[in-house]
Amino acid sequence: MLCYVRLMHKGDIAQVTEIDREAFPTLWPPANYGRELQNRLGRYIVAYDEEKTVEEPKVEASLEKGISGLASKVRRLFNHNRFLSNEPPSSGRQYIKGFAGLWIMADEAHITNIAVRGIHRRQGIGELLLILVIALVMELNARIITLEVRASNTAAQNLYHKYGFAQVGLRRGYYTDNGEDAVIMSTENITSAPFQAQLQRLKQAHCKRWGIPLYQIAR
Ligand SMILES: CC(C)(COP(=O)(O)OP(=O)(O)OC[C@H]1O[C@@H](n2cnc3c(N)ncnc32)[C@H](O)[C@@H]1OP(=O)(O)O)[C@@H](O)C(=O)NCCC(=O)NCCS
């Protein structure tokens, strides 16, 4: 599978927003990923296709419109949209298949989102993202991972169950669009020997099944 994972950059916002809208069309207001990237407590990763590129993201194009005459001319002169930004030049063009986000609060991490483009689901990408979310949480020295998921979302709940999350509570009527309950799920201590042993088994099985070349987050 030609899928790698790296930290999310500004140039990814348009594609991530597109994936978010497809996955969570009724959530209002939509998540503001520009603001999320500035959040000290937040961490976002994207799964991308190494061999596929996309046109310049729409968000950048609309930002460009808002830039007053002179700055815009300077940009065109250099023919380089990211001339004024400090991110790697190619990141905005990689095709993104899915993303995940989390907030870290002391020794607890909260998964805010995991979403995969509809056409790429059931290809091990959600699982890849979750494996790397867990790796990131360990790197950040948190021990417990929690999340909320719609009671009807069996696909996501199965994924989380597979990785050792268990239901620890229910928030009744949590989702304002349809009044659906949220299931609260949590891991045990992710540094514990049983959790780590199970994680290694699952990683090996995932690698064998999908042929992922590396389980690292590129910076
Ligand atoms: C949940 C989601 C991220 C899963 O991503 P994915 O790439 O399709 O999942 P994977 O192919 O990696 O599957 C991993 C595991 O998830 C579970 N799963 C995924 N899709 C499933 C489905 N349609 N039905 C049942 N289980 C499913 C299975 O346990 C699967 O393991 P298996 O292949 O051994 O059965 C994806 O369905 C999605 O983006 N949904 C919309 C957004 C969303 O609901 N996010 C969760 C918010 S809490």
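Modeller: Let me start with a definition: the expected span of a helix is 1.5 Å times one less than its number of residues, and helices (H or I, at least four residues) and strands (E, at least two) are DSSP runs, numbered from the N terminus. This is a predicted model, in which local features need pLDDT of at least 70 and side-chain atom pairs count only at pLDDT 80 or more, while totals for chains, interfaces and linings use all residues. Residues are numbered from 1 along each chain as its sequence is written.

Biologist: What span should helix H7 have, and how far apart are its end C-alpha atoms?

Modeller: Helix H7 covers residues 193-210, and at 1.5 Å a residue its 18 residues should span 26 Å, which agrees with its end C-alpha atoms being 26 Å apart. Just after H7, Gly211 has a positive phi of about 65°.

Biologist: Does H7 lie largely in the open or enclosed, and why?

Modeller: The number of buried residues among the 18 of H7 is 0, so the helix lies largely in the open. A residue is buried here if 20 or more other C-beta atoms lie within 10 Å of its own, exposed if 12 or fewer, and partly exposed in between, with C-beta atoms placed from the backbone.

Biologist: And what about H5, how many of its residues are buried?

Modeller: In H5, 11 of the 15 residues are buried, so this helix is largely enclosed by the rest of the structure; among them are Ile125, Gly126, Glu127, Leu128 and Val137. H5 should span 21 Å at 1.5 Å a residue, and this agrees with its end C-alpha atoms, which are 21 Å apart. Asn141 follows H5 and has a positive phi, near 65°.

Biologist: Switching to the ligand, which residues come nearest?

Modeller: There are 20 residues around the ligand, and Arg121, Gly126, Glu127, Ala155 and Leu159 come nearest, where near means that the C-beta atom, placed from the backbone, lies within 6 Å of the molecule. Two or more residues of the shell come from each of strand S4 (108-116), helix H5 (125-139), strand S5 (144-150) and helix H6 (154-162).

Biologist: Which element gives the most, and what classes of residue are in the shell?

Modeller: H6 gives the most, with 6 residues. By class, the shell holds 10 nonpolar, 6 polar and 4 charged residues, where Ala, Val, Leu, Ile, Met, Phe, Trp, Tyr, Cys and Pro count as nonpolar, Asp, Glu, Lys and Arg as charged, and the others, Gly among them, as polar.

Biologist: How many bridges join S1 to S2?

Modeller: Strand S1 (residues 4-7) and strand S2 (residues 42-53) run antiparallel and are joined by 4 bridges, and Val5 stands opposite Ala47 in S2.

Biologist: Last one, where is Leu37, and what is it in contact with?

Modeller: Leu37 is found in helix H2 (residues 33-38) and is partly exposed, with 18 other C-beta atoms within 10 Å. Leaving aside neighbours within four places in sequence, Leu37 is in contact with Met8, Lys10 and Tyr44, contact meaning that the C-beta atoms of two residues, placed from the backbone, lie within 7 Å.

Definitions and conventions. Pairing = 2+ DSSP bridges.
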